[in-house]
Amino acid sequence: METPLSRTTLNNGRSMPMLGLGVSGMYGADAVRAITSALTIGYRLIDTAALYDNEAAVGQAVRESGIDRAEIFITTKVKNIHQGYDNTMRAFEESLNRLDCDYIDLYLLHWPSRSHRKETWRALETLYAQKRIRSIGVCNYPVPLIEELQDYAETVPAVNQVEFSPYLYSEDLLRCCQSHGIHLQASCPLAQGRRLDDPRLAAVAVKYGKTPAQIMLRWILQHGISAIPKSSKLHRMRENIDIFDFDLQPDDVARLGLLHEGLRIFDDPMDYV
């Protein structure tokens, strides 16, 4: 049986939890409390970004948790205004200082800047070669940009973090990433709760004695995709992590895939191609 600490192995051999905590929109003492609570109940992946303006709170929570840093997987990201080779190198140092740690487990290019994404990726490869980052990857990369990477990347991204849910079921992107050995990670896996009252989803939840949110997360994990649901409420964090004691049957996995409607919360990455 899986546990809340169930992990996947990335293409460089590094281990990463399959479920983590997204922390956008959390600030200051409230962020520290929420992240510390998450770590206490078993979360070991914390996903932040320079854009979220809470890296210092993440670092403080990790230190105050009393958990060995080596047990915690920290992801952060370079934001658009800091893209380009030299800017990214500086931005990394700033993120590292705010997190107050010696290394970052996963550093991601947050959005595919039209003019700077190649130079930004080169900077990530430099930092990875220096062993200051354990793994590097991208966010919001659609199929054309994954294919574009093959032309200039010397290191295959370990992760592509994108919006993904039963209501945004990007099968082509999943197959593309799988074919290149890139792990797909779902941001906004619950679609900000906009479809949790869907009676079709509710019917599956009743069948398994789970909540609609738990069904959505389990569906994602059964596609081999990790997820980083966001919540600062302890009962929601407990709910989100309590998805490792059941499996969706194949017909239910297929049925949930039919919920796809192209529901997107944030920008369409194809606008950056």
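Which elements do the buried residues of α2 pack against? They pack against α1 (28–40), β4 (45–47), β5 (73–78) and α3 (85–99). The model is predicted: local features need pLDDT of at least 70, side-chain atom pairs count only at pLDDT 80 or more, and totals for chains, interfaces and linings use all residues. Residues are numbered from 1 along each chain as its sequence is written, and side-chain values use heavy atoms, with hydrogens and water left out.

**Overall architecture**

- The protein chain contains 10 helices and 10 strands; helices (H or I, at least four residues) and strands (E, at least two) are DSSP runs, numbered from the N terminus.
- With a radius of gyration of 18 Å, close to the 19 Å that the globule rule gives for 273 residues, the protein chain is as compact as a globular protein of that length.
- That radius is taken over C-alpha atoms, and the globule rule is 2.2 Å times the number of residues to the power 0.38.
- The C-alpha trace of the protein chain spans about 55 × 40 × 30 Å along its principal axes.
- Of contacts in the protein chain between residues at least 6 apart in sequence, 76% join residues at least 24 apart; contact means heavy atoms within 4.5 Å.

**Surface, burial and charge**

- Of the 273 residues in the protein chain, 56% are buried; buried means under 20% relative accessible area, exposed over 50%, and partly exposed in between (1.4 Å probe, protein chains only).
- The protein chain has an accessible surface of about 11800 Å², and carbon and sulfur atoms account for 48% of this surface.
- Accessible areas come from the Shrake-Rupley method with a 1.4 Å probe; for residues, only the protein chains shown count as cover.
- There are 30 positive and 35 negative side chains in the protein chain, and the centres of the two sets lie 2 Å apart.
- Lys and Arg count as positive and Asp and Glu as negative, while His and the chain ends are not counted; the place of a charge is taken as NZ of Lys, CZ of Arg, CG of Asp or CD of Glu.

**Annotated domain**

- An unreviewed UniProt entry carries the annotation "domain: NADP-dependent oxidoreductase" for residues 28–256; positions are given in the numbering used here, feature names are shortened, and annotations may be inferred rather than shown by experiment.
- The span of residues 28–256 is 47% helix and 15% strand, and its end C-alpha atoms lie 37 Å apart.

**Helix α2**

- Helix α2 covers residues 55–65, and its buried residues are Glu55, Ala57, Val58, Gly59, Ala61 and Val62.
- Residues three or four places apart in an α-helix point the same way, because the helix has 3.6 residues a turn.
- Gly66 follows α2 and has a positive phi, near 80°.

- Helix α8 (residues 212–221) is largely enclosed by the rest of the structure, because 9 of its 10 residues are buried.
- Among the buried residues of α8 are Arg218, Trp219 and Gln214.
- The cover over the buried residues of α8 includes β9 (183–187), α7 (199–208), β10 (226–227), α9 (234–241) and α10 (250–257).
- Ala203 lies in helix α7 and is partly exposed, at 45% relative accessibility.
- Between the C-alpha atoms of Ala203 and Ala57, which are 146 residues apart along the chain, the separation is 39 Å.
- Gly209, in the loop between α7 and α8, is exposed, with a relative accessible area of 63%.
- From Gly209 to Arg132, the C-alpha separation is 44 Å, and the two residues are 77 apart in sequence.

**Loop between β9 and α7**

- Cys188 is in this loop and has a positive phi near 50°, although it is a residue other than glycine.
- The relative accessible area of Cys188 is 16%, and the residue is buried.
- Ala191 is in the loop between β9 and α7, and its phi is also positive, near 50°.
- Ala191 is buried, at 2% relative accessibility.

- Glu148, in helix α5 (residues 143–152), is buried, with a relative accessible area of 18%.
- Ala153 is located in the loop between α5 and β8 (159–163) and is partly exposed, with a relative accessible area of 23%.
- Not counting residues up to four places away in sequence, Ala153 touches Trp121 and Glu125.
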